[in-house]
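Q: Please take a close look at a single part of this model, the place where the two chains meet, and describe it in one connected account.

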Amino acid sequence: MTAVSDPIIRVRGLVTRFGTHTVHDGLDLDVKQGEIIGVVGGSGTGKSVLLRAIVGLLEPDAGQIEVFGQSVRSTSDAEFRALRRRWGVMFQDGALFSSLTVRQNVEAPMREQLALPDDLRETLAGIKVRMVGLPENAMAKYPSELSGGMRKRAGFARAIAMDPEIVFLDEPTAGLDPIGAAAFDILIKQLQASLGLTVFLVTHDLDSLHAICDRIAVLADQKVLAVGTMDDMMQVDHPWVHEYFHGPRARAALSSAQREGAQ
Amino acid sequence: MTEPAAMPAKTIQSSTFDGTLTLSGRLLIDTLLQLEGRGGHAAAEPFHSIDITDLSQMDTAGAWFLIDQKMRAARHNIALEIRGASQAQAQLIATVEKNMPPKDAAAAKPLSIADRFEVYGRKVVRALRMTVELTSFLGQVIATLGGIIRHPSRLRLTSVVHHCQEIGVSAVPIVALMAFLIGVVLAFQGSAQLRQFGAEVFVVDLIAISILRELGILLTAIIVAGRSGSAFTASIGSMKMREEIDAMRTLGLDPVTILVVPRVLALMLMLPALGFIADISGLVGGALMSWIDMGVSPAVFQTRLVNNTDVWHFSVGMIKAPFFALIIGIIGCYEGMKVGGDAESLGRLTSASVVLSIFMVIVMDALFSVFFAVVGV
């Protein structure tokens, strides 16, 4: 996937506040088409808030957010609906509708937005559920009957149900065991390649950053402090960034990533 | 694959020539239906190849369409060839092909008569099992209460007082108003009937007996079941959902002692009190309406009430109150404990708790009627 110079998501001068607490103050970020960008930052630095602002769940206090060159804030309802169809969001823990089965959850966006015949819709939902690696018998289960990892996979299936061009993933590997997390990383990478997705990944997982992210954006001090590849991150000398990418866990993740690269 | 800003027209063009289907434009989930008709036509006379060189976009649904055509052709023993796929498109087709759901997965079998019987049987068994569980929960609460009587220091007094406030004091206005209006209605309707026989004055007996013996406590119990029983289920259920109950158990705290007993105890103290308030309020309402409607002065009402109405009518009402309270409390807490991990079960069990406790209160009331008739009060 070759990256086009025009950014697919462009955030300029974003300001968000909750009461007197300023989360973002003049934040800028570009996401290129077809890349996997990892957004990291300490707790409370507004990673999820940034995600919510981009997908229009949260009204920022100032700043511009453009997705596909269209402003998210100043579009008409109809334009925004068309825009929204071109991205999918997976929330932490899946946020599946608890009254619907996995299959119905994945069908839900298609049911709302397209007039497809039932059998076609079911087949397409079945493909998506299998794509994310859920077993056949998970289709008819309710979210409460699934494990955390399966719920995340089902949430991912729902996010890609409409074949979006951008997928926003909020901590997809949090709370998974290392094997499950690694499998999820591979899944993201595979689907990104075969569906041509742009992935906006909010994560804490250093292994994910090493394994699948093309670029990393670090949020700190209410701004995007640094953007670049993993190698670039190692050179940044901001204390928090240095601690993050040179701490004991980072070294362990790095060495395991290098081992994998060597194989 | 992605266009900047403006979305191009959502169309797909296709042409058939010499057994080759040529597709151009956008083969997407939106445009697929334009082709579906042609797909059906193709079943009769399948293509030998599909040319997708000119496709600008293709998504999973598009890949599915191509694979579906391939499978249809295979049924006619034709090896359909897909030509001109870019590397990314070929990869997508391969991914989708690998994940095609098995053909028979979608068809759900209709229920046979035996299946229906089975569903019914399962429901009966579930109801029986629930009765057993409810009884065992009742036993557990009574055993814990017994333990508290022997070791009073285990009682969470603050919690009991808090729940007395929530269940009792806060409910006084609604209970009093409800009983007052019931008294008014009884007086009004009763007098209209009794006037035909010139027996207006018996309206006092009618109001007194019906309110003191049945309606005062029964309607109070129904209001409390709706107000506090549902609150018990919702609060205990949400604690269960957030694993607070499990946390208590691991800390060596008994949820029955901490959550259930104070609620049940507060309810058993407060329901008789609320019932008493309802009795007074109902009599006041009845007296007022008798006065306005038939000129039965409050003094006459009082005299007739004291002389003609046995005090047992009041006692019967009051005796029932703690039993109703126990039913409401036990069912409310039991349903709360049954809440699972999902938000839906919380809502379902809260409404089930209210329905079941009101139903059980009325059943209990009927049993008491029989009992008091047999003992003759």
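Predicted model: local features only at pLDDT ≥ 70, side-chain atom pairs only at ≥ 80, totals over all residues.

A: Helices here are DSSP runs of H or I with at least four residues, numbered from the N terminus. The contact draws on 29 residues from chain A and 30 residues from chain B. As for polar links across the interface, the count of salt bridges between chain A and chain B is zero, while four residue pairs, both partners at pLDDT 80 or more, are in polar contact. Two elements of chain A, helix H4 (118-131) and helix H6 (178-195), each give two or more residues to the side that touches chain B, and H4(A) gives the most, with nine residues. Sorted by class, this side of chain A has 13 nonpolar, eight polar and eight charged residues.

Returning to chain B, B:Met270 is in contact with B:Cys164, B:Ile167 and B:Gly168, once its neighbours within four places in sequence are left aside. B:Met270 and B:Arg242, by comparison, are 28 residues apart in sequence and 29 Å apart in space, C-alpha to C-alpha.

Methods. Residues numbered from 1 in each chain as written. Chains lettered and ligands numbered in written order. Heavy atoms only, no water. Contact = heavy atoms within 4.5 Å. Salt bridge = Lys/Arg side-chain N within 4 Å of Asp/Glu carboxyl O. Polar contact = N/O pair within 3.5 Å; in protein donor to acceptor, adjacent residues only side chain to side chain. Nonpolar A, V, L, I, M, F, W, Y, C, P; charged D, E, K, R; others polar.
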